[in-house]
Amino acid sequence: MRTQTSNVQVRAMKKYGAPLKVIIPGRVFRCEATDARHEHTFYQLEGIMIDKKVNFAHLKGICEIVGKKLYGPETKFRMRPKFYPFVEPGSNGEYTCFLCQGKGCRVCKNTGWLEILGCGLVHPEVLKAGGIDPEEYSGLAFGFGLTRLAMLKYKIDDVRLLMNGDERFLEQF
Amino acid sequence: MLLSLNWLKDFVKIPKGISPEDLALRLSMHTVEVEGWSDQSVNFNGVVIGKVLSVDKHPNADRLRVTTVDIKKEILTIVCGAPNVEAGQFVPVATIGAILPNGLEIKESEIRGEKSFGMICAEDELGLGTSHEGIMVLSKKAKIGQDLSEYLGLDDIILEIDNKSLSNRSDLWGHYGMAREIGTFYDSELKDYNSFLEPEIVSAEGKIDIKIEEKQLCPRYMALSLSGIKIEQSPTWLKNRLIAIGLRPINNIVDVTNYVMFETGQPLHAFAKDKVEKIIVRLAKKDEHIETLDGKERELSEDMLVIASPEGPIAVAGVMGGRLSAISDETTEIILEAANFEAISVRKTSGKLGLRTDASMRYEKSLDPNLAETGLRRAYALIKTICKSTETSSAICDISNFSLNQGPISLNMEWICDKMGQEISEKQVVNILERLGFIINKNEGNLEITIPTWRAAKDVSIREDVLEEIMRIYGYDNIISSAPLVSLNPPDILPERILEKKIKEILSGSLNLTETYNYSFVGESQLKKLNLDFNNYLKLVNPISDLGTMLRQSLIVGLVNNIKTNQFNYDEVRLFELGRVYLDTPGMFDKTGDDKERLPYQEKRLAFVLSGKLGNYFFEAKGIIENLIETIYNKTWETEFVSVEDFPAYSDDKKSTRVRVGGRDLGLVTTINNEVATKYGLKNETVLVELNFAELLFLFNNCKRLQYESVPKYPAISRDLAFVVDSGMLYNDLRREIKSFNDLIIDVELFDSYQGGKLGEDHKSLAFHIIYQSPDRTLRTEEIDLIQNNLIVRLEEKFNAQIRNF
């Protein structure tokens, strides 16, 4: 049980070494009171790639492709600096709001963008912890909130529906 | 945190033509997330200054008056209820169409028969204070018809910053730090903050008696005593700045400490000197408590750092001051404190007390200890400006115990470009870093970078941190994305995921079950209702609710609960879940990092539930398992249902069985017994299946691969036989016996089961199709008759099975 899937990064590095390309989906837990927008149990999907000469432009390229695949070929990707302790430099990732095609709506708070992921270059301390030499290798990592993606895609307005086993909800999928 | 644009402009020039949207976007793209911005004057749209020309009694109401007010454009008749309205006053007038900060929209109205074309406002109606004593009377210098926002100087633009995005940047918790960022990304000059500080504080005779007992928790403590203080309201400019960022002005001294905190990020505190004989920075003692400035009595614990006088605590360090030592209207001498407290200690204390303050929020981000001096000098400069009689009445006290690692960090351009994935010029890099305050020395192709103190406390320590500084100012948006050039290796095949997917497809497909997820947490009441013993369940230290105090050890608990959720909406509910349970035995993952202790075993299970009033769910559940096992293992094994003694306490043992495949125990089929069903409130028969996924996976890794066998050349012949046996007999035992009786019998299928009627309750009839086939010849009737007769004899001998006569 963990609060994020990022801990698996180090486990994967220890098990497989470099180079490495891995996808990590999983259930995560947070100490959070539940309401329509907050849940203590949800799902994340994380990706990590380690090789010689992996760089920030690659990270941006990969996330761009993911966005186009998920939300259509017109989808744009935007990065803004954000602090996550296990990446440096760190960034968030926003895609064109697919509900309003970037025009601005209630869901994207009129920005035209949806904050979907966190990403960055793997912190050298994380590489070291995984037994990989940060002088030789570099890595990129990104993580999505799967639950959030599903909610946005299907316009689900109450996160608790995903975990309460109500057939009236489940049978719609 | 709120930022005032006017305040930022004190320090940095914002290029012409930059709109608030531009600024908010650039801040978001380079530095921190801006949640929104607002124009302060919007609050006063339609509110203008008017001069009261006449005041007359309202003909129909004693307490109301009818006034005429000149607002330059026109003269309005306004009905007013305030006792203090008089002719000749200058007053704020909300004209028709104005929307006040409290949401009130001004309309033409009729009050007790008199028409009114606007409203003369009180302070609270304009969001400028709490007074509702009467209308706000403005200075005679006000201009008739002038916008109120202009008159008040409340024409600022306010930016709202998301505090979470500031959590790693202690230097951004004040306007000056933000101005530095703005200056950097607009490439615009930033004023030297030294020009805002008191150049030299003239020391006076006298020392403040200070003792720091906890040097680790208090890296720096500065204090200065000031006399000649006159406590009064702050000047308007100062009040307006505080109002703009959402603070309530209190008095000149408190306002200055707040002002400096929101400008530099350094929290300050002012003690009334006559209440503080000596200052001791120490841990709280057992059973100590303090009344904080907010008037609440607070229990302190021994891990909390306090500022104390010999009588007891006078402030919770870094969190909030105490009431006893607070300044009052009579105070004439103060001790101004500018200290640095250790981040984690402040965070723990503030968490324990449930008291998050502007000061504690800053300390817990690790402030630069050098900022204490900046803050003190700035505060002194301001106090002297607004309270001219101020004199220092002590020497500056400065006790410090800190060191910062300012580097230098060495890196070169090749490394930077490699990590970015594109070219950037050295000139650009140097410009960005210098504007942010880094000092750069070029040394044989390397850049030796010294970290400014305000970034050295926790934030920047390795070259990757410097890379982020360069990149975020350069703009992530300016990075051209590219695809990595890497070796293309086929991924490892993960049988676990393949099997999971297969199982989900089959169950939710042809077997018509719905997949669900339940929480990993269960509560006592649920388990009790199921007669489950939860002694060895893992308990949560800090459960979110009574419904989730323990970790589940079975998936069926959640599924039974799902039946309750759904049984009133559906005649039949069919759900499955694939998930983990948490057992009180060591698992595979290391817990402590040194492999001495392991995390609990988190076993994966597959469970499903059938409940309703439409079928025989015990039989159906067994059928589902058989079907699943046959499909996922390519008919390698047959499913066996084994009767055992020991079923869970919630089950009806007669309709429960263990599941065996390939000689391995997979799990259980159980039917909820009537007692539990009643207790739990289940309306219908409920059958539960729970299988161990690790066992399913083991079999999956060892099952037959699908392979073609030649199509039989000779025909198969089917014969039907029905046997009467004891009602307790398992059909599978009979079927297996038939199947293995002769090589020419290639398949046996049960097609009917009947109990009762003429047979009585003790017996049942089981009818089978028996298929005969030979790979090398067409079977003759006599040959089959012989086998069949021997089979009948054999079954009679072994099971006392009688051929049923219809």
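**Before you start**

Residues are numbered from 1 along each chain as its sequence is written, while chains are lettered from A and ligands numbered from 1 in the order in which they are written. Because the model is predicted, local features need pLDDT of at least 70 and side-chain atom pairs count only at pLDDT 80 or more, whereas totals for chains, interfaces and linings use all residues. Helices (H or I, at least four residues) and strands (E, at least two) are DSSP runs, numbered from the N terminus.

**Stop 1: the domains**

Colour chain B by domain; the bounds come from an automatic or database domain assignment. Domain 1 covers 2-41 + 157-191, and domain 2 covers 47-146. Domain 3 is 210-400, domain 4 is 409-477, domain 5 is 495-701 and domain 6 is 717-803.

**Stop 2**

Select S1 (2-4) and S2 (34-39) of chain B, the edge strands, each pairing on one side only. The three strands form an open antiparallel sheet in the order S1-S10-S2 (chain B). Two strands count as paired if DSSP finds at least two bridges between them. Neighbouring strands are turned by 25° against each other on average, direction ignored. Angles run from 0 to 180 degrees between N-to-C directions, and axes are lines fitted to C-alpha atoms, for helices over the stretch in contact.

Pick B:Val34; its bridge partner in S10(B) is B:Ile161. Now show H2(B), which packs on this sheet and touches S2 and S10 of chain B. The direction of H2(B) makes about 160° with that of S2(B).

**Stop 3: domain 1 against domain 3**

Select both domains of chain B; their C-alpha centres lie 27 Å apart. Domain 1 of chain B puts 13 residues into the contact, and domain 3 of chain B puts in 14. Residues are in contact if their C-beta atoms, placed from the backbone, lie within 7 Å. On the domain 1 side, S1 and H4 (175-185) of chain B give two or more residues. H4(B) has the largest share, three residues. That side has five nonpolar, seven polar and one charged residues. Here Ala, Val, Leu, Ile, Met, Phe, Trp, Tyr, Cys and Pro count as nonpolar, Asp, Glu, Lys and Arg as charged, and the others, Gly among them, as polar.

**Stop 4: H6 on H9**

Select residues 252-264 and 371-386 of chain B, which are H6 and H9. Their axes come within 9 Å and cross at roughly 140°. That makes H6(B) oblique to H9(B). Angles under 35 degrees count as roughly parallel, over 145 as roughly antiparallel, 65 to 115 as roughly perpendicular and the rest as oblique. The residues in contact include B:Val256 and B:Val260 of H6(B), and B:Ala379 and B:Leu382 of H9(B). By class, the contact has nine nonpolar, five polar and two charged residues.

**Stop 5: H11 on H13**

Select H11 (426-435) of chain B and H13(B). They pack at an angle of about 100°, with axes 9 Å apart. The two helices are therefore roughly perpendicular to each other. Show B:Gln428, B:Val429, B:Ile432 and B:Leu433 in H11(B). They meet B:Glu469, B:Ile470, B:Ile473 and B:Tyr474 in H13(B). Six of these contact residues are nonpolar, one is polar and one is charged.

**Stop 6: the face towards chain A**

Bring up chain A. Here 44 residues of chain B contact 39 residues of chain A. On the chain B side, H2 (20-30), H10 (413-420), H13 (463-474), H16 (556-566) and S29 (572-590) each supply at least two residues. H13(B) gives the most, with six. The chain B side divides into 17 nonpolar, 20 polar and seven charged residues.

**Stop 7: along S29, S30 and S34**

Follow S29(B) to S30 (598-612) of chain B; 14 bridges join this antiparallel pair. B:Val581 has B:Glu603 in S30(B) as its bridge partner. Eight bridges then join S30(B) to S34 (685-692) of chain B, again antiparallel. At B:Gly612, look across to B:Glu685 in S34(B).

**Stop 8**

Four strands form an open antiparallel sheet in the order S36-S37-S35-S38 (chain B). S36 (745-755) and S38 (802-803) of chain B each have a single partner strand, so one side of each is left without a neighbour in the sheet. Two bridges join S35 (717-726) of chain B to S38(B). One of them pairs B:Phe723 with B:Ile803. H20 (731-739) of chain B lies across S35, S36 and S37 (763-772) of chain B, at about 150° to S36(B). End on H21 (781-799) of chain B, which touches S35, S37 and S38 of chain B and makes about 15° with S35(B).

Key:
Two residues are in contact if their C-beta atoms, placed from the backbone, lie within 7 Å.
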